[in-house]
Amino acid sequence: MKLIIATVQDQDADFVVSRLMEAKYRVTRIGSTGGFLQQGNTTLLTGVEDRQVEHVVELLQQSSQRRMRYMPMATGTTPNGMTLYNYIEVEVGGATIFALDVDHFEQV
Ligand code: 2BA
């Protein structure tokens, strides 16, 4: 068995979860925050059989999108002490996916 951990953008989360549920996968949805952008995203946990990993990855790829985000970067200060910012472009997503071996699974 594998545990798939997938981080997706909040805008895609409802659609991704509905696609997984339609395909009869069980999902736990956790609100998370990306370390780099410090913006909200969604982390999904899905426990599956080894043979289902490929299908889940396919569904994640199909239902999450890549998007450009803009992040303020301090570039200096004015003579009167105001901070100057420039916006850098960052491409985020579709999904960041990890598949981990599960040693033990039990529901009691
Ligand atoms: P964030 O950490 O907020 O990163 C958002 C996007 O910023 C990343 O998109 C990437 O394009 C860029 N980025 C991240 N760290 C960077 C750095 N040090 N320098 C330049 N650009 C950087 P994604 O790669 O699609 O990642 C989306 C979100 O997935 C991440 O949000 C984070 O929450 C999660 N993630 C990505 N890689 C991860 C990893 N190796 N371990 C754990 N979580 C990860």
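User: Is Asp 101 buried or exposed?

Analyst: Burial classes rest on relative accessible area, with a 1.4 Å probe and protein chains only: buried is under 20%, exposed over 50%, and partly exposed in between. The relative accessibility of Asp 101 is 59%, so Asp 101 counts as exposed.

User: Which residue meets the side chain of Asp 101 in a salt bridge?

Analyst: This is a predicted model, in which local features need pLDDT of at least 70 and side-chain atom pairs count only at pLDDT 80 or more, while totals for chains, interfaces and linings use all residues. Residues are numbered from 1 along each chain as its sequence is written, and side-chain values use heavy atoms, with hydrogens and water left out. A salt bridge is a side-chain nitrogen of Lys or Arg within 4 Å of a carboxyl oxygen of Asp or Glu. At 2.3 Å, N to O, the partner of Asp 101 is Lys 2.

User: How many residues apart in sequence are the parts that Lys 2 and Asp 101 tie together?

Analyst: Helices (H or I, at least four residues) and strands (E, at least two) are DSSP runs, numbered from the N terminus. Lys 2 belongs to strand S1 (residues 2–9) and Asp 101 to strand S6 (residues 96–101), so the separation in sequence is 99 residues.

User: What is the relative accessible area of the Arg that forms a salt bridge with Glu 91?

Analyst: Glu 91 pairs with Arg 66, their closest N and O atoms being 2.9 Å apart. Arg 66 lies in strand S4 (residues 66–77) and Glu 91 in strand S5 (residues 83–93). Arg 66 is exposed, with a relative accessible area of 52%.
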